[in-house]
Amino acid sequence: MFMISSVHSTNWWQKLKNNPLARFGAVLLIIFYIAVIAADFVAPYNPYISQADGSLLPPTQIHWTTQDGRFIGPHVYPTTQSPTDVETGKRSLNVDFEQPSPIRLLVKGETYPFLQVRLPLPPSFEEVELFSGIPLDRHLFGTVGPGKLNLLGTDEQARDQFSRLLFGGRISLFIGLVGIIISFPLGMIVGGIAGYFGGWLDAVLMRLVEVLMTIPGIYLLVALAAVLPPSLTSAQRFLLIVLITSFIGWSGLARVIRGQVLSLKEQEFVQAAKAMGATPWRIIVRHVLPQTATYIIISATLAVPGFIVSESVLSLIGLGIQQPDPSWGNLLSVSTNASILVLQPWLICPPALLIILTVLSFNLLGDGLRDALDPRSLD
């Protein structure tokens, strides 16, 4: 039996590795998560600090030769925005070609706590520092000199957009994982209890599930988020958004788990556990629910994008993470300004593209896992 299990394990892993779309999604997600976890190191600038006269700068142009034709390697020039012309409404770029600033790797910059961990914990849900981090002052890349390398330009507050995207990804990417951690155990337990015991308990729990499934998720999120007090910190809002989305996100899983438990509880291994005197709770947790692991893994992978989109929508309409704290959703909120939509598209395209790629990657990985773990294909 061990040999059969080992062969099946190798079989599904090979199928997953041979699926190019699932492999693409997995690699992209790994890159995204590593980048946002190490955002302090990867980002060239502090996402909260403005640059002098740098509001709404376009992506910095990288030069290889000086104005007189000398090759000095990749470099940039100090760039600022001139005051708005009252007659035309335009702003011109002022480039100082006398001060080339070379682009280098592992550039010394502002000191930061690398891998610092801060979480909102009960009872006050204020941010608590769990790990102070490692003090570092090196950044993955940057410039030596007065010039700034703004890969994706700057926002209205003259903050580096690339750095804000990295730090914003911490919220947008991890909100899905936290939501799964909260909602899936609840759905598994409720579905397991309903399917195992049946009778009036099953009827009551399934009616509750059906009521929750009729609630339109996005409208509930908007309604509840709109009544949140404005004094809440971004960490507290993050936690509340996760709790709200988790509250309505477990019902579908509970119904499927109930159906699987109804068939599993008649199997011989469950009857054997009963005969040996195991308690119903032990049978559910130790024997029945582990048999649904394949479905749970696939469902979790496919459910994460829903949490990410919910946060993005709430932040986009101003009810989620608030400025100055970045998230991909509130970075998209400038798209409601028609002039920025037309004149500064670099503020909108990157966060929109990252959300699309993240959702697509989770779906590709989930589809790949579903195909690889299909019992009918494990032969």
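This note goes through a sheet, a surface patch and the annotated spans of a predicted model.

1. Basis. The model is predicted: local features need pLDDT of at least 70 and side-chain atom pairs count only at pLDDT 80 or more, while totals for chains, interfaces and linings use all residues. Residues are numbered from 1 along each chain as its sequence is written, and side-chain values use heavy atoms, with hydrogens and water left out.

2. The sheet. Four strands form an open sheet in the order β1-β2-β5-β8, with antiparallel pairing. Strands here are DSSP runs of E with at least two residues, and helices are runs of H or I with at least four, numbered from the N terminus; two strands pair if DSSP finds at least two bridges between them. β1 (63-65) and β8 (134-143) are the edge strands, each pairing on one side only. From one strand to the next the twist averages 30°, taken between lines fitted to C-alpha atoms, with angles from 0 to 180 degrees between N-to-C directions.

3. β1 and β2. These strands pair in the antiparallel sense over two bridges, and His63 stands opposite His75 in β2. They form a hairpin with five residues between them, and Gly69 in the turn has a positive phi of about 95°.

4. β2 and β5. Two bridges join β2 (residues 71-76) to β5 (residues 101-114), and the strands run antiparallel. Val76, in strand β2, stands opposite Ser101 in β5. Val76 is buried (under 20% relative accessible area; exposed is over 50%, partly exposed in between; 1.4 Å probe, protein chains only), at a value of 0%. Val76 and Ile103 are 27 residues apart in sequence but 7.3 Å apart in space, C-alpha to C-alpha.

5. The nonpolar patch. β6 (117-121), β7 (126-131) and β8 each supply at least two of the patch residues. Leu115 lies in the loop between β5 and β6 and is partly exposed, at 35%.

6. Annotated spans. The unreviewed UniProt entry annotates "transmembrane region" at several spans, including 21-43 and 171-197; such annotations may be inferred rather than shown by experiment. Residues 21-43 are 91% helix and 0% strand, with end C-alpha atoms 29 Å apart. Residues 171-197 are 100% helix and 0% strand, with end C-alpha atoms 39 Å apart.
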